[in-house]
Amino acid sequence: MWLRPEEVLVAHALWATERANPFFLLQRRRGHGKGGGLTGLLVGTLDVVLDSSARVAPFRILHQTQDSQVYWTVACGSSRKEITKHWEWLEHNLLQTLSIFDSEDDITTFVKGKIHGIIAEENKNIQPQGDEDPGKFKEAELKMRKQFGMPKGEQLVNYYSCSFWKGRVPRQGWLYLTVNHLCFYSFLLGKEVSLVVQWVDVTRLEKNATLLFPESIRVNTRDQELFFSMFLNIGETHRLMEQLATLAMRQLLDSEGFLQDKALPRPSRPHRNISALKRDLDARAKNECYRAAFRLPRDERLDGHTGCTLWTPFDKLHIPGQMFLSNNYICFASQEEDACRVIIPLREVTIVEKADSSSVLPSPLSISTKSKMTFLFANLKDRDFLVQRISDFLQKTPTKQPSGCLGERKISMADPAPESSSALPEMLDKPTSPTSSPGGCQRFCIQDAPTASQGLLRLFQRNTSVEVLGAKGAKERMKEESWNIHFFEYGRGMCMYRTAKMRELVLKGIPESLRGELWLLFSGAWNEMVTHPGYYAELVEKSTGKSSLATEEIERDLHRSMPEHPAFQNELGIAALRRVLTAYAFRNPTIGYCQAMNIVTSVLLLYGSEEEAFWLLVALCERMLPDYYNTRVVGALVDQGIFEELTRELLPQLSEKTQELGVISSISLSWFLTLFLSVMPFESAVVIVDCFFYEGIKVILQVALAILDANVEQLLSCSDEGEAMTVLGRYLDNVVNKQSLSPPIPHLHALLTSGDDPPAEVDIFELLKVSYEKFSSLRADDLEQMRFKQRLKVIQSLEDTAKRSMVRAIPGDVGFSFEELEDLYMVFKTKHLASQYWGSSRVAAGRRDPSLPYLEQYRIDASQFQDLFASLTPWACGSHTPVLAGRMFRLLDENKDSLINFKEFVTGMSGMYHGDLTEKLKVLYKLHLPPALSSEEAESALEATQYFTQDSSSQASPLASVLDLFLPWEAQGQSQRRSGAGNEDVQEKGEKGTSPPDYRHYLRMWAKEKEVQKETIKDLPKMSQEQFIELCKTLYNMFSEDAMEQDLYHAIATVASLLLSIGEVGKKFSGQAGRKPRDSASEGEEPPAPDRHQEPPLPAAQDAQAQAGGDTRPGKVPQESQVVGEGGCGEGQGSPSQLLSDDETKDDMSTSSYSVVSTGSLQCEDLADDTVLVGGAATTRCGGTVDADWCISFEQVLASILTESVLVNFFEKRVDIGLKVKDQKKVERQFSTSSDHEPLEVSG
């Protein structure tokens, strides 16, 4: 490529000049190409360590003048061919012109101007595509693709200089992090290391420091352990590797491939080594942290953040912290954790104004909201720009007031609507029926239901006065008063100040009248509800009456949802629960419905309306408990792993015992999935839910650790898992809430496990207090780090389980060992994932549906199968292999969806590798019959037939007289067998009509139907002439690279001659049978069904004319008939195999193997006189009839091949598929052919 001219002071250091003229030098990098000696090794090492561009472009052209010591680069090239092209252009177009100039300065100026002009002309037609990466980074991406043979679809994210520890020796080189792979390359004094690891194969990734590996990054896969160290910025590298590994795990979990964000703002000063992809990933990481910190919707994107102070009126202080601005929110977080946090939705903002600056309050900014609150920010660095950004976002914010506000909710909380209370008795009168239709109670407007405006708890709560409740009622009133005072000081609603004081109030208990409101605010569900008015009602309407797997599961679990609570002992509560769960399953079909969602949702419905419960469920499933409720409950398993890790760290004396008993993994999953609601009394568990909505998963982990800590002594004395589960179960049953206004609801588990001496009661508030005192050291950042580590472990464990399940689902008769099947599965899965990496022509092939059975989750299309077939098949056919692969794919694709699963793939491989000669030949035979043989291939075979037989003459076969003696007897025997079978059927029917029914007979029939019918050679259809031609083509290509090539060609020529003769005689016999009167034929005997590419047989007169060489039908091209030539099958002389091989040479342009055939076993000079013909009246594509009478059976093919021992040995030869799989894994990451060094190590 042409380069913008740059100065080179030392032209000959590390470069060797190959061509020169008065004005230009063509140079090659020392050490590139063959030879080079010690100098070449040193230069190669320097290029790798210093990341020189000479690794990509080892050739260059310099401009020089005679008296100047300065050189100018004008072009570079990755190959000699490319650089020679540029050199020749310079010689032809510039040399004569430059010789005219007198001044050397003028020559240099002219050359530089000319090169700049060429570059400008080349770039004129190139359209800029999105965010262009810097030049240095593009060069690194080019090196990566060349070194590791990656396609253009593989995007480089960033690259780092580091050392890879090979044994105890560090190898300095370059680490390339792409979207789907981790690659490393090092070349030191002739020693080369090349590594390629897929992110989906990573099982462990952590930053650690040991004596052996100082501050290194450890990367584990299933079969190796890699250490990288000596990074300039190890923190940044590790974070990026974590992000890429997380993307890969997400891909394994739900097939979400990486999509670059095209809407990112462009930086004003792009860094020369930072790619757009790296900026995209950095922005994603910041967005995720921002959304998690302030519980914002998933589509919220951070625009920027700046340091500032916030005036807090409750304690009269300016608190330092960070202001965050996004498209819909302004948020503030103090530097000191829990000091203050504010969320201001832009839809609530009324005034944004710049106040006057002073020495006490520099650059202040005042923001007022609709709730009469004013926030005063100060010490803003770029206040004017910030105000402009806020103004821009405010203009895009919808001005329409969303329906519903917290003020309205307060009213509905305090006083139930009169229409709701009047409607309640009517609803309660309806009997509860577990068999009621799921859509029966949904066919009315959702606003008509009492649950549309208030929670079920208020509808079913007895109107008991405070005096009757006594101390409990007074305590509840005190809580409400405390919260009202707090609201007065700190604000109420989404814009309130969230401080440590609020956490204290939450820990003391949220009053029942405020619980639903605060859950909505703490979880962020309120934001989504007010910005999507009417969304829930639309979902209910759309999902009404729709049936799916999710709705069936929901219907089964409806009556298991808190059956002890009166709200769910009647149709009103059941109907509301049904609507909410069905609406969510309709909104998010990826999750649909998972067990435990019903328990959580039923509690949400107690404290909020249906719409509020729906949005709380959205917040739980999609943000607060990610991946908890998918098909494999991955999120819960991840947090369970964190719980076990924390137990080892904080309760070491109990850790060994719990691992020995296995109690944590068996009992704690329900703790996480239901937030203790299924294992604790309801009035106690709901207090934990209060804290969970405020603090997140940290609270669940703290309480779980506190429960183990409280039972340490009893657990240590347990002898088995059952005893330990009983101890924990009885403890949880006796966790009570003495402040609850509702009468205690007996917990179902408590009724089943209560003993003679129940343990002492545990107050829930005391349990929470202990959990915060002992285990409050958990931080959100640490938990996210632990979640990443556990997610790798859990997902890879699930993948291993899926692999074992997939392998076990394969029938035992495939012939492959368990290890071979696992290897095949990994190769198959890798090929499936490649369609997600680098795009696929079919979306279905690149998508994986985890809800499908294991065998259907990974599927590949025809092009992917073709690649695997070419590398794994024992029947290599050279250039004919893709054709054979296509036929095998069509044969295996039984449901015709153009995709095959792993079981079908293994079946195809097994047919070629295992079984006896007959089974392998059956597979080969079926590959040349429909549906494997497509109509286009059959047409090409007809053209070949017509090409071979245009000049042939009609002769009788000398073998006909011999074979005629056998064929009629065989046909007669078949007809007798058929008629005999028919008579037996009639006899059986007669007997059954007179005798009583034999039930054992029906049982035997059903047993036979259930048995897998083994296909026999009698079941295979006969092969027509064009299909036989395709079979011969395949066999000729199959033998081209075998050691016994000559003998195999000779044998197949003999077999083909024999089979063609048999087919010709069969045609003659069928012609005689066709001339018999139709009524004399046996009724039970039918002519063989013609192939779909053939026309019905000719009538007798036309058949005779066709045999005589004419076709009298109008519009047809007369063709001469074809018969077997003289010489029969003796030594292959005059056999059609030679003709087929010549045709194959014409079609496939591969003459090497066929030249041997034509000069060896086949006689070329006999071609004109002794032509062997391929039956019937052949046709051209545009007209003529196909000879439907010419056919051969599989038995005839098998018998013919058995006469040649060399063919039998070829098909019975054992091939080790393990070696093929190893080679395939290497081919998956094929190294560039232009590399001068062979890789020492390749992974993945």
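Predicted model: local features only at pLDDT ≥ 70, side-chain atom pairs only at ≥ 80, totals over all residues.

Colleague: OK, is V633 buried or exposed?

Modeller: V633 counts as buried because its relative accessibility is 15%. Its phi is near 40 degrees, which is a positive value in a residue other than glycine, and V633 lies in the loop between α21 (610-624) and α22 (634-650). Helices here are DSSP runs of H or I with at least four residues, strands are runs of E with at least two, and both are numbered from the N terminus.

Colleague: And what about the phi of R295?

Modeller: R295 is not a glycine either, yet its phi is positive, at about 55 degrees. R295 belongs to the loop between α7 (276-294) and β13 (302-312), and with 16% relative accessibility it counts as buried.

Colleague: Which peptide bond is cis?

Modeller: The bond from P930 to P931 is cis, with omega near 5 degrees, and P931 sits in the loop between α38 (917-926) and α39 (935-949).

Colleague: Switching to rings, how many aromatic pairs are there?

Modeller: Rings of Phe, Tyr and Trp (the six-membered ring for Trp) pair if their centres lie within 6.5 Å, and planes under 30 degrees apart count as stacked, over 60 as edge-to-face and the rest as tilted. That rule gives a count of 43 aromatic pairs. One of them is F332 with F377, which is tilted because the planes stand at 55 degrees, with the ring centres 6.1 Å apart.

Colleague: Where do F332 and F377 sit in the chain?

Modeller: F332 is in strand β15 (residues 329-334) and F377 in strand β19 (residues 374-378), so the pair links distant parts of the chain, 45 residues apart. F332 is buried at 0% relative accessibility, and F377 is buried with a relative accessible area of 0%. F1210 and F1211 also form an aromatic pair, edge-to-face, with 5.2 Å from centre to centre and 90 degrees between the planes; F1210 and F1211 are both buried.

Colleague: What sits over the ring of W72?

Modeller: The charged end of K112 does, 3.9 Å from the ring centre; the criterion is that NZ of Lys or CZ of Arg is within 6 Å of the ring centre and within 35 degrees of the ring normal. R515 lies over the face of Y607, at 5.1 Å from the ring centre.

Colleague: Next topic: what is the strand order in the open sheet of five strands?

Modeller: The order is β1-β5-β4-β3-β2, with antiparallel pairing, where two strands pair if DSSP finds at least two bridges between them. The edge strands, β1 (2-8) and β2 (15-20), each pair on one side only. β2 pairs with strand β3 (residues 24-29) in the antiparallel sense over five bridges, and the bridge partner of A16 in β3 is R28.

Technical notes: Residues numbered from 1 in each chain as written. Heavy atoms only, no water. Buried < 20%, exposed > 50% of the residue type's maximum accessible area, 1.4 Å probe, protein only.
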